[in-house]
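Here's a quick tour of one protein chain. Keep the viewer open and follow along strand by strand.

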Amino acid sequence: MVYKFRVVLDAEEDIFRDIAILADDTLEDLHNAIFNSFGFDGMEVASFYTCDETWNQEDEISLFDTGDVPGEQKTMSAYPLSDLLDEKNTKIIYVYDFINMWTFLVELAAVEEQVAGNLYPETLFSHGEMPDEAAEKNFEADNADDFASEFEDDLDQDDLDMFEGDDNFEDFGFEENWN
């Protein structure tokens, strides 16, 4: 079977690519098809993220094993597309280059029979030009205000008076560390 994906850059402008790839190919194969179709050099780290129907990010599937125990973390090469995506689970998020955070919404649009003689993966359609820079991301937690208030204390300037004084580290008995 052939999976046909629409890969949309998360940006203000409409920039997307339609890619056909074999269902038995891996996420790493899809990663290669995406960075090639958008004109990247493939020299940056990338990850896919499973997500729900409303694009809420879930589990990371990275290009390389970054876990503490080698071999414990599954990578893109270990996931055939058909194991993760089907008619019910059609969405996945792709992030390329963690410094610039190029973020793509990848959606399975169709599952079709393989056409004899076609080479896969294949870029079927290309719309829009890549901007020079990735869109700025705002990573703010939904409960950011709650988090900040958790660490508030009731100290005021009078409470900090205990730190005033002669600022001489010899008083602390660590003069060997300050010479």
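Start with β5: Lys91, Ile93 and Val95 point one way from it, Ile92, Tyr94 and Tyr96 point the other way, and all are buried. Buried here means under 20% relative accessible area, exposed means over 50%, and partly exposed is in between (1.4 Å probe, protein chains only). With six of the six residues of β5 (residues 91–96) buried, the strand is largely enclosed by the rest of the structure. A word on provenance: this is a predicted model, where local features need pLDDT of at least 70 and side-chain atom pairs count only at pLDDT 80 or more, while totals for chains, interfaces and linings use all residues. Residues are numbered from 1 along each chain as its sequence is written, and side-chain values use heavy atoms, with hydrogens and water left out.

Who sits beside β5? Strand β3 (residues 46–51) pairs with β5 in the antiparallel sense over five bridges, and there Phe48 stands opposite Tyr94. β5 also pairs with strand β6 (residues 102–112), again antiparallel, over six bridges; Ile92 has Val106 of β6 as its bridge partner. Two strands count as paired if DSSP finds at least two bridges between them. The β5 and β6 hairpin has five residues between the strands, and Asp97 takes a positive phi near 70° in it. The strands and helices themselves are DSSP runs numbered from the N terminus: helices are H or I with at least four residues, strands are E with at least two.

Back to Lys91, which is buried with a relative accessible area of 15%. Leaving out residues up to four places away in sequence, Lys91 touches Cys51, Asp52, Glu53, Trp55, Leu85, Val106 and Glu107 (contact means heavy atoms within 4.5 Å). A polar atom of the Lys91 side chain lies 2.7 Å from the backbone oxygen of Glu53.

The side chains of Lys91 and Glu53 also meet in one of the salt bridges. How many salt bridges does the structure hold? There are three, counting a side-chain nitrogen of Lys or Arg within 4 Å of a carboxyl oxygen of Asp or Glu.

| Salt bridge | N to O distance |
|---|---|
| Lys4 and Glu112 | 2.7 Å |
| Arg6 and Asp18 | 2.7 Å |
| Glu53 and Lys91 | 4.0 Å |

For the Glu53 and Lys91 salt bridge, Glu53 lies in the loop between β3 and β4 and Lys91 in strand β5, so the pair ties together parts 38 residues apart in sequence. Glu53 is partly exposed at 48% relative accessibility. Lys4 and Glu112 form another salt bridge, linking strand β1 (residues 2–9) to strand β6 across 108 residues. Lys4 is partly exposed at 25% relative accessibility, and Glu112 is partly exposed at 32%. In the Arg6 and Asp18 pair, strand β1 is linked to strand β2 (residues 16–22), with the two residues 12 apart. Arg6 is partly exposed at 34% relative accessible area, whereas Asp18 is buried at 16%.

Zooming out, the chain has four helices and seven strands, in the order β-β-α-β-β-α-β-β-β-α-α. Of its 179 residues, 30% count as buried. Among contacts with a separation of 6 or more, 62% involve residues 24 or more positions apart.

Technical notes. Polar contact = N/O pair within 3.5 Å; in protein donor to acceptor, adjacent residues only side chain to side chain.
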